[in-house]
Amino acid sequence: MVRYIAKKLLIAIATLLVILLILFVLMELLPGSPFNNPKLSEEQKQALIDHYGLNRPVIERFFRYVANMLRGDLGVSYVMAADVPVSRLISSGMPISMIIGFCALILGSFTGMILGFFAAFRKGRAMDIICRILSVISISVPSYIFAIMLSYFLGFKWKIFPLIFTFDSPVLSSFMAVISLSIYVMGVVIRFTRDESAAVLSSDYVLFARSQGISSGVLLFRYVLRNSLMPVITVMAMLLVSLLTGSLVTESIFSIPGIGFLLSAAITANDYNVVIALSFVFAALFVGARLILDIIYGLIDPRVRVSGR
């Protein structure tokens, strides 16, 4: 088991280093400069470039940046908040994005699991068809489309919820963002829950239990729920990370000061350090979640450890 975990950990570290290299190269290839303010003279721009060490060789800057990242130093902001550590900017926006993403995950997962179980028990009937159509629509339509629709009807036309996020009323002002993000989660969970539950319901041991006259409620909680929940939990763990990375447009629509909104503003301002740091944090969240799931699978199922060797 130690060998299995060590192998997965080395793969995760190598993946993050490759991602960091790709991000750094992409930032180098992008046109423009962080100091595009027309009010700055050429001498002032050159002084800023010298101050932040952007005129040094690319290889030297890359290895210095990797060394700083390993120490937890994400650098400072160039434009958005001059000389403010990027880690401080991220730490101020991460809790808001985490809370909204977690609420969207819980709401979407709970709704999707209920509809997925109903669709599996009514396979081939009207309820199953409706749930599958709802799942396809929820997955196909981007979250920001639902955000715009909710903003227009619930915020602008009917004035039920605030149009933008405010700290005076954080629950009401984030309600539409949570709903719009949870719709995608609901669609994914419906599909996985329905497919996994339908496979369990068609298995031999469930058919035998049905022949013994066991009620649908007992079948659901004793057999279907227990055997189909693990793949759904796996999907939910990755969905939580994708909610943080995919909330960029949604947070911008509702002016939510989360990390998605921060990334959007950093890209607009050409604040390279913030863009690279946030992109790396998103990648680290994905890799970390995948690593934890692999370790959990290895602990639960010995076949995973054997195949991993």
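Predicted model: local features only at pLDDT ≥ 70, side-chain atom pairs only at ≥ 80, totals over all residues.
**Helix α8**

- Helix α8 covers residues 175–201, and its 27 residues should span 39 Å at 1.5 Å a residue.
- Most of α8 is covered, with 19 of its 27 residues buried.

**The nonpolar patch**

- Twelve names make up a nonpolar patch on the surface: Y144, I145, I148, M149, Y152, F153, F156, W158, I160, L163, I164 and V249.
- Together these residues have about 1,100 Å² of accessible area.
- Helix α6, residues 143–157, gives the most to this patch, with seven residues.
- Y152 is one of the patch residues, and it lies in helix α6.

**Aromatic pairs**

- A pair of aromatic rings is described by how far apart the centres are and by the angle of the planes.
- The count for this model comes to ten aromatic pairs.
- One of them is F35 with Y52: the ring centres are 5.9 Å apart and the planes sit at 15 degrees, under the 30 degrees cut-off, so the pair is stacked.
- F35 lies in the loop between α1 (2–29) and α2 (42–52), while Y52 is in helix α2, so this pair ties together parts that are 17 residues apart in sequence.
- Both partners are buried, because their relative accessible areas are 5% for F35 and 17% for Y52, and buried means under 20%.
- Y152 and F153 form an edge-to-face pair, with 5.0 Å centre to centre and 80 degrees between the planes.
- Y152 is partly exposed at 40% relative accessibility, and F153 is partly exposed too, at 34%.

**F63**

- F63 has its place in helix α3, which runs over residues 58–70.
- F63 counts as exposed, because its relative accessibility is 54% and the cut-off for exposed is over 50%.
- F63 and V185 are 122 residues apart along the chain, and 39 Å separates their C-alpha atoms.

Conventions: Residues numbered from 1 in each chain as written. Heavy atoms only, no water. Patch = residues over 30% accessible without salt bridge, like charges linked within 9 Å, V, L, I, M, F, W, Y side chains within 5 Å. Areas by Shrake-Rupley, 256 points an atom, 1.4 Å probe, with all protein chains shown as cover. Salt bridge = Lys/Arg side-chain N within 4 Å of Asp/Glu carboxyl O. Helix = DSSP H or I, 4+ residues; strand = E, 2+ residues; numbered from the N terminus. Buried < 20%, exposed > 50% of the residue type's maximum accessible area, 1.4 Å probe, protein only. Expected span 1.5 Å × (residues − 1). Phe/Tyr/Trp six-rings, centres within 6.5 Å; stacked < 30°, edge-to-face > 60°.
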